[in-house]
Amino acid sequence: MKVEIWSDIACPWCYIGKRRFEKALAAFPHRADVEVHWRSYQLDPTLPDHHDGSELDYLVDRKGMSRAQVSQMFDQVTAIAADEGLAYDFGSVVVANSFAGHELLHLATARGVGDAVKEALLSAHFEHGEDIGDRDVLVRIGVEAGLEADEIRRDLESHTWRADVVADITAAQQIGIRGVPFFVLDEKYGVSGAQPTELFAQALEQAWRESHPLVMLQPAASGVTVDATDAAACGPAGC
């Protein structure tokens, strides 16, 4: 079963949603048969590689909220993240364009370490105050996940994966995604937002049942000889 997850590195709810989905997947009986594909999305593609100002300043300008309102929002999200084992530090967040990070993620996915790089990018941005627009930071993250530094630099400089990032963003627009995180299970079921772990568990079970329906064997059709007593069963009306 395939699960596609559209998210942005600069999205705090995407990290929380990742953790909640992971908890549901870890308890899912068929987790070994689930393929997770990370898809790119940008909340603000207009950001420069390096933005002057804090996350608080940026959101005050972007959302038109007061500084007190944004600070309160930070506190609320930080508390929710902490419940998922994440240590957000909005005071140290470096505001930067996430496109290069998405390019790195596509390279990492092609080399089989996509999930490790996705985790490292989100942690670097929200927990450690690192600049996800800085190529040296991206190279270090990639190398720590097992990628070659020369390949990372070459692909980032030549924008080898730009078309793949754009394709993900375009696909999101085509299926009507207006916010992230957004989860698509088996190209059929959509789950929007960082939903509770229980809802992700229900979605996994439902999608699995739809794609792996139980086939009932009938004696006449299967050619199996069954004694009449083998067909006996109990129901609500009795046995």
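This is a short tour of one protein chain, from its overall layout to a few local details.

## What you are looking at

The model is predicted: local features need pLDDT of at least 70, side-chain atom pairs count only at pLDDT 80 or more, and totals for chains, interfaces and linings use all residues. Residues are numbered from 1 along each chain as its sequence is written, and side-chain values use heavy atoms, with hydrogens and water left out.

The protein chain has ten helices and four strands. Both kinds of element are DSSP runs numbered from the N terminus, with at least four residues (H or I) for a helix and at least two (E) for a strand. Reading from the N terminus, the order is β-α-β-α-α-α-α-α-α-α-β-β-α-α. Of the 239 residues, 44% count as buried. Here buried means under 20% relative accessible area, exposed means over 50%, and partly exposed is in between, using a 1.4 Å probe and protein chains only. As for contacts (heavy atoms within 4.5 Å), take those with a separation of 6 or more: residues 24 or more positions apart account for 72% of them.

## The sheet

Let's start with the strands. They make an open sheet of four with the order β2-β1-β3-β4 and mixed pairing. Two strands pair if DSSP finds at least two bridges between them. At the edges sit β2 (35-40) and β4 (189-192), each pairing on one side only. From one strand to the next, the twist averages 20°. In general, strands of a sheet pair through backbone hydrogen bonds, either parallel or antiparallel.

Strand β1 (residues 2-7) and β2 run parallel, and six bridges join them. Looking across to β2, I5 has W38 as its bridge partner, while S7 has S40. Between these two strands the chain goes through α1, and this β-α-β crossover is right-handed; that is, with the strands pointing away from the viewer, the path from the first strand over the helix to the second runs clockwise. Helix α8 (residues 162-174) lies across β1 and β2, at about 95° to β2. For that angle, axes are lines fitted to C-alpha atoms (for helices, over the stretch in contact), and angles run from 0 to 180 degrees between N-to-C directions.

## Two nonpolar cores

A nonpolar core is a set of buried Ala, Val, Leu, Ile, Met, Phe, Trp, Tyr and Cys residues joined through side-chain atoms within 4.5 Å. The largest one has 38 residues, of which F21, L104, V117, L185 and L204 touch the most other members. Two or more residues each come from β1, α1 (12-26), α4, α5, α6, α7, β3 (182-185) and α9 (197-211). Another core, of 19 residues, lies apart from this one, and includes Y58, Y88, V93 and F126.

Which residues does F21 touch, leaving out those up to four places away in sequence? They are V3, I5, V36, F183, F200 and L204.

In helix α6 (residues 135-144), the buried residues are V137, L138, V139, I141 and G142. Among the elements covering them are α4 (99-110), α5 (114-126) and α7 (149-158). Just after the helix, G146 takes a positive phi of about 110°.

Not counting residues up to four places away in sequence, E119 touches Y15, K18, R19 and E22.

## Backbone details in the loops

In the loop between α8 and β3 you'll find P181, and the peptide bond from V180 to P181 is cis, with omega near 10°.

The other two spots have positive phi without being glycine. H159 sits in the loop between α7 and α8 and has a phi of about 55°. D186 lies in the loop between β3 and β4, with phi near 55°. H159 counts as partly exposed because its relative accessibility is 30%; D186, at 29%, counts as partly exposed too.
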